[in-house]
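Subject: Structure handover

Hello,

Here is the structure for you to look over. My notes come after it.

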Amino acid sequence: MSAEKITTFDELFQTGLADIYDAEQQLVQALPKLAQACSSPQLRQAFEQHLQETRGHVQRLEQVYSKLGLKPERKTNTILQAMTQDAEKKIQITEPSPVRDAALIVCGNKVEHFEIGSYGSLRNFAELMSQPQEIISLLEQTTQEEKKADQLLTQIGESEVNPQAARMRGQLTR
Ligand SMILES: [Fe+2]
Ligand SMILES: [Fe+2]
């Protein structure tokens, strides 16, 4: 598939798949760093659990490719690259603390929303292309796991990490 021009719906679908396939692989590399940098055991566990799920997301996409009769293709996802660089930067510029944990939850939520948006459209595209139900359900299963991961991060943030971080007040700097 040429990277330059997209003229058909099929090409748009394939580009989207290649984009998210690369994103998931970047996340397999990035999530252990996030887990390691956390102070909250609950948050660390959430990142570690989602790392396992993310490995499954890579495999599901490989199943999608195989059912489509295509070779898995990675297309450098620069949005995810920027998001993981941002998370690494946040780790560099914070101390292990609830403030860092709160920052990492923000990064995590953003990534999950990106994934939910990507998979939601891919699933709908697959439906419109009358792809086999198996492909649609593989994409749907991952969407559900992304939603759950997003909700868990929000819950850990709102119930535990953010209230602790809110105690570390200074002055608003200008
Ligand atoms: Fe994922
Ligand atoms: Fe995810």
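Below are the conventions, then the findings.

This is a predicted model: local features need pLDDT of at least 70, side-chain atom pairs count only at pLDDT 80 or more, and totals for chains, interfaces and linings use all residues. Residues are numbered from 1 along each chain as its sequence is written, while chains are lettered from A and ligands numbered from 1 in the order in which they are written.

**Overall fold**

The protein chain has five helices and zero strands. Helices (H or I, at least four residues) and strands (E, at least two) are DSSP runs, numbered from the N terminus. The order from the N terminus is α-α-α-α-α. Along its principal axes, the C-alpha trace spans about 55 × 30 × 25 Å.

Of the 174 residues in the chain, 34% are buried. Buried means 20 or more other C-beta atoms within 10 Å of the residue's own; exposed means 12 or fewer, and partly exposed lies in between, with C-beta atoms placed from the backbone. Take the contacts with a separation of 6 or more: residues 24 or more positions apart account for 75% of them. A contact is two C-beta atoms, placed from the backbone, within 7 Å.

**Core**

The largest nonpolar core has 38 residues. Such a core is a set of buried Ala, Val, Leu, Ile, Met, Phe, Trp, Tyr and Cys residues joined through C-beta atoms within 7 Å. Leu-17, Leu-34 and Leu-104 have the most contacts inside this core. H1, H2, H3 (78-92), H4 and H5 each supply at least two of its residues. H1 gives the most, with 11 residues. Leaving aside neighbours within four places in sequence, Leu-104 touches Leu-34, Ala-37, Cys-38, Ala-87 and Lys-90 by the contact criterion.

**Helix H2**

Gly-69 follows H2, with a positive phi near 75°.

**Glu-127**

Glu-127 sits in H4. Is Glu-127 buried or partly exposed? Glu-127 is partly exposed, because 14 other C-beta atoms lie within 10 Å. Glu-127 and Leu-51 are 76 residues apart in sequence and 28 Å apart in space, C-alpha to C-alpha.

Best regards
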